Amino acid sequence: MEGIRYYNRYTGREEREQVLGEKYLQWIYGTSTGRAALHVLIKRGVFSALLGWLKNRPSSARSIPAFVKEYGINMEDSLKGVGEFRHFNDFFYRRLKPGARPLSGGEDTAVFPADARHMGWERADRIKGVFVKGQSFDLPSLLGSEALAGRYAEGAVVLSRLCPTDYHRFHFPVSGVPGPWTRLGGPLASVSPYCLRRRLAWLWTNKRNLTLVRSELWGQVAMLEVGATGVGLIEETYVPDVPAARGGEKGYFAFGGSTVMCFFEPGRIRLAPDLLEKTAEGMELFARQGDMMGVAAE
């Protein structure tokens, strides 16, 4: 099974992702015995519940220094030092120092919601392939609503995939008033390309949260957080119906891989040129939270 490659906006180069548990993912999604384990344990949440419990144990903090070293995680941005975390999850959804993720542009610039590998499309209903040819979004299933699917079908969508080595808090891409979130049920399969190359439908069967953000400039923006293997918790930290600032924290994921998706109404946003270019090539674009996702359409 081929590795995961992406384009780094900052280095201007194609790079290979250092995947946590890569051999495990290859076994789970590439063999018949692995797929059987996926159905019995992982999809049903048993694995994620156990892993979540372990990552909340004080003893799990002992694994943090080795994890930071192996994956080259920059701790200069973290509010806490390596030895200050209560357990591994405390490190995993760590907060960053103020100013660690400066916002690009002004209020007419939408910013990426997370440190992630991103893909973007100008129209959600014209996506020809995601990770492999022939796969497209099932918008009604993904959003849990035929009405919302119709509202966003001709608008832009950005998919931001976080891997376990990333900063795992997610933020608002634009300023607005977020309503209460809706929980959409589901299992907890991986959202790694290893999995999504075979079955994109995990995005709309996995556990996920949906929030609608009202904005005078941007219209109604839909944000969807998708859990994955190891993510038994999607925690929302914002206050519903209270104005939220662009770049403000919305919530965090506990341990595991995960995805944030942003949906825009038609004619509201022009996505960043490099995002569209790399997506057309079938490649993800790495960019940090707060960097430019697109600008308001004129």
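This is a predicted model: local features need pLDDT of at least 70, side-chain atom pairs count only at pLDDT 80 or more; totals for chains, interfaces and linings use all residues.
**Helix H4**

I started with H4, which spans residues 64-71. I looked up which of its residues are buried, and found Ile64, Phe67, Val68 and Tyr71. Viewed down the axis of H4, these buried residues fall within an arc of 100°, so they line one face of the helix.

Next I checked the face of H4 turned away from the buried side. There I noted the exposed residues Ala66, Lys69 and Glu70.

What do the buried residues of H4 pack against? I find that they pack against helix H5, residues 88-92.

I then looked at what follows H4. Gly72 comes after the helix, and its phi is positive, near 60°.

**Sheet E3-E18-E16**

I moved on to an open sheet of three strands. I read the strand order as E3-E18-E16, with antiparallel pairing. Which strands stand at the edges? They are E3 (109-111) and E16 (269-271); each has a single partner strand, so one side of each is left without a neighbour in the sheet. I noted a twist that averages 30° from one strand to the next.

Last, I took the pairing of E16 with E18, the latter covering residues 292-296. Three bridges join the two strands, which run antiparallel. For Leu271 I looked up the bridge partner in E18, and it is Gly294.

Conventions. Residues are numbered from 1 along each chain as its sequence is written. Side-chain values use heavy atoms; hydrogens and water are left out. Buried means under 20% relative accessible area, exposed over 50%, partly exposed in between (1.4 Å probe, protein chains only). Helices (H or I, at least four residues) and strands (E, at least two) are DSSP runs, numbered from the N terminus. The arc is that of the directions from the helix axis to the C-beta atoms. Contact means heavy atoms within 4.5 Å. Two strands pair if DSSP finds at least two bridges between them. Axes are lines fitted to C-alpha atoms, for helices over the stretch in contact, and angles run from 0 to 180 degrees between N-to-C directions.
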